[in-house]
2 protein chains.
Amino acid sequence: MRFTTERRLDGDVLEREITLGEVPGVLWTPASASAPVPLILLGHPPLGLRAMYPRLVARAHRAAVDGFASATIELPGSGDRPRWAALDQARADMRRAVAAGGPVGAEIVDALILPLADRAVREWRAALDALLSLPEIGGPVGYAGGVISIGVRLAVAEPRIVAAGLFAGSFVPRVVFEEARQVTIPLHVLLQWDDEGNDRQAALELFDAFGSREKTLHANMGGHTGVPPFAGEDAAGFFARHLRPPGDDRHR
Amino acid sequence: MRFTTERRLDGDVLEREITLGEVPGVLWTPASASAPVPLILLGHPPLGLRAMYPRLVARAHRAAVDGFASATIELPGSGDRPRWAALDQARADMRRAVAAGGPVGAEIVDALILPLADRAVREWRAALDALLSLPEIGGPVGYAGGVISIGVRLAVAEPRIVAAGLFAGSFVPRVVFEEARQVTIPLHVLLQWDDEGNDRQAALELFDAFGSREKTLHANMGGHTGVPPFAGEDAAGFFARHLRPPGDDRHR
């Protein structure tokens with residue numbers, strides 16, 4: 001892992017751009033932390049880090065206030081990374097299927113999500129190796145964010161992740177739906193009740209399928225991008241409960 | 001309204017038992033408040049105030065920490081109040097229907113819930129008149145707690161209630177389900193995912209029916225009485241957002 005830029009943001013947050021092999025990313029740490037801190041991996045949809053930056057940095061700020069480092073990496077085929085022809089093709093097929101208005105076939109969902117999730121999970125795990133080798137980052141580790149299939153597969157594959165905040169989606173391959181039963185870490189699942197891109201019933205069934213003993217569904221009004229600000233407060237409370245050392249009762 | 005007992009609880013809370021006509025109740029206020037405070041009406045299932053006291057006083061404590069008064073009254077036919085023969089009969093019919101394992105008929109639900117909700121709403125409104133006449137209580141007013149049909153009808157009837165935290169139930173008369181569409185105040189709805197006494201799908205449909213632009217469903221694992229402690233934290237955050245004067249950022 002190499003650091004390529006470094007700057008201090010308002011609110012005592014150190015922002016460093018990183019590269020891990022070919023994969024660019026960003027690491028945010030509480031600038032004044034005196035001991036290794038827990039880490040939240042910030043997932044996001046495949047729209048490119050530049051487009052996602054405003055939302056990611058807001059979450060990174062909140063994490064730093066709570067005493068956590070946070071980090072994100074670019075997804076394969078997104079942003080400044082090389083195009084991935086098969087992924088572009090699968091995306092085009094998905095868009096056509098959605099525009100046609102009918103149900104989207106399982107083979108279209110599988111072709112888009114499975115290769116993306118496989119590669120993203122490998123890259124997230126490599127990033128986690130590198131991040132945890134930094135002296136300023138300890139643990140435990142949480143994962144928070146979009147592409148629910150990536151979150152599910154990462155939670156199943158990666159024992160270092162102890163809690164996950166997921167964004168409910170319905171374009172979930174059958175194989176991932178089945179893997180959801182193997183997820184046992186505490187989960188905090190956001191659902192947008194009128195999400196134009198997701199089927200509510202399918203999202204509720206996925207929530208039901210998770211094997212976790214502690215799982216909470218927070219459903220809010222509005223469309224895909226209309227998550228209300230207070231939903232972030234509740235998610236922050238979830239990570240504070242699961243990542244903070246016992247006895248640390250700072251502001252939440 | 002008469003005060004019948006008064007004692008100071010740990011944590012700077014003044015607890016006073018009250019009677020409003022024939023109706024007993026309890027009022028909790030932050031003992032050291034120097035200005036009139038908002039009020040949360042604490043609803044509860046018809047099991048009697050004595051049985052509900054431990055849960056109610058915990059919620060009252062949290063309300064006081066957040067700078068709110070809270071109050072509850074005994075439901076008609078419950079606790080130390082005179083038996084209500086028609087209600088006892090309706091309860092026995094409901095218990096028989098549930099024990100029989102089949103779907104519970106609408107007439108059984110209506111017979112149990114509608115008279116109870118009518119009378120309870122009248123009594124809650126009278127209590128609200130009396131409570132708001134106290135110099136130590138200002139507003140705004142929230143309602144939080146069980147018997148969702150009472151919460152719905154109170155929210156429709158009582159313009160002084162500006163936010164409500166409800167406990168999702170499925171034994172909801174059709175007429176109350178229709179009235180839910182008239183509820184427009186912000187709502188925070190708790191659902192126990194494996195509630196043995198409630199049908200999950202019916203509870204989700206009721207949540208969908210509410211007319212409120214801001215409504216949030218928090219679904220947690222476990223049965224009817226298994227609401228996790230962190231659900232109370234999130235509910236407290238909801239009331240802090242809606243009842244606190246702007247600029248008041250104390251601990252949440």
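Me: Is Asp12(A) buried, exposed or partly exposed?

Reply: In this predicted model, Asp12(A) lies in the loop between E1 and E2 of chain A. A residue needs 20 or more other C-beta atoms within 10 Å to count as buried, and 12 or fewer to count as exposed. Asp12(A) has 14 other C-beta atoms within 10 Å, so it is partly exposed.

Me: What is the phi of Asp12(A)?

Reply: As background, most residues other than glycine have a negative phi. Asp12(A) is a residue other than glycine, and yet its phi is positive, with a value near 65 degrees.

Me: Which residue takes a positive phi in the hairpin of E1(A) and E2(A)?

Reply: Strand E1 (residues 2-9) and strand E2 (residues 13-20) of chain A pair in the antiparallel sense over 7 bridges, and Thr5(A), for example, has Glu17(A) as its bridge partner in E2(A). The hairpin has 3 residues between the strands, and the one that takes a positive phi, near 85 degrees, is Gly11(A).

Me: Which residue in the turn between E2(B) and E3(B) has a positive phi?

Reply: In chain B, E2(B) and E3(B) pair in the antiparallel sense over 8 bridges, and within that pairing Ile18(B) stands opposite Gly25(B) in E3(B). The two strands form a hairpin with 2 residues between them, and the turn residue with a positive phi, of about 60 degrees, is Gly21(B).

Me: Is Leu27(B) buried or exposed?

Reply: Leu27(B) is found in strand E3 (residues 23-30) of chain B. Leaving aside neighbours within four places in sequence, Leu27(B) is in contact with Arg16(B), Ile18(B), Ala69(B), Ala71(B) and Leu131(B). Its C-alpha atom is separated by 6.2 Å from that of Glu17(B), which is 10 residues apart from it along the chain. With 25 C-beta neighbours inside 10 Å, Leu27(B) counts as buried.

Me: Which residues touch the most other members of the largest nonpolar core?

Reply: On the chain B side, Ala168(B) touches residues that include Ile148(B), Val189(B), Leu190(B), Leu191(B) and Phe207(B), not counting residues up to four places away in sequence. The largest nonpolar core has 146 residues, and those that touch the most other members are Ala168(A) and Ala168(B).

Me: Which residue joins Pro140(A) through a cis peptide bond?

Reply: Pro140(A) is found in strand E6 (residues 137-145) of chain A. The bond in question has an omega of about -5 degrees, and its cis peptide link to Pro140(A) comes from Gly139(A). In chain B the peptide bond to Pro140(B) is likewise cis, with omega near -5 degrees, and it runs from Gly139(B).

Me: What is the radius of gyration of chain A?

Reply: Chain A has 7 helices and 9 strands. Chain A is as compact as a globular protein of its length, because the globule rule gives 18 Å for 252 residues and the radius of gyration is close to that, at 18 Å.

Me: In chain A, which residue has the C-alpha nearest the axis?

Reply: Chain A can be laid on chain B with an RMSD of 0.0 Å by a turn of 180 degrees and a shift of 0.0 Å along the axis. That is the relation of a two-fold axis. The C-alpha of chain A nearest the axis lies 2.4 Å from it, and belongs to His218(A).

Me: Which element gives the most residues to the side of chain A that touches chain B?

Reply: The contact takes 14 residues from chain A and 14 residues from chain B, and the elements of chain A that give two or more are strand E9 (215-220) and helix H7 (229-243). By class, the chain A side has 4 nonpolar, 4 polar and 6 charged residues. The element that gives the most to that side, with 6 residues, is E9(A).

Key: Residues are numbered from 1 along each chain as its sequence is written. Chains are lettered from A and ligands numbered from 1 in the order in which they are written. This is a predicted model: local features need pLDDT of at least 70, side-chain atom pairs count only at pLDDT 80 or more; totals for chains, interfaces and linings use all residues. Copies are superposed by least squares on the C-alpha atoms of residues with pLDDT of at least 70 in both. A nonpolar core is a set of buried Ala, Val, Leu, Ile, Met, Phe, Trp, Tyr and Cys residues joined through C-beta atoms within 7 Å. Two residues are in contact if their C-beta atoms, placed from the backbone, lie within 7 Å. Two strands pair if DSSP finds at least two bridges between them. Helices (H or I, at least four residues) and strands (E, at least two) are DSSP runs, numbered from the N terminus. Ala, Val, Leu, Ile, Met, Phe, Trp, Tyr, Cys and Pro count as nonpolar, Asp, Glu, Lys and Arg as charged, and the others, Gly among them, as polar. The radius of gyration is taken over C-alpha atoms; the globule rule is 2.2 Å times the number of residues to the power 0.38.
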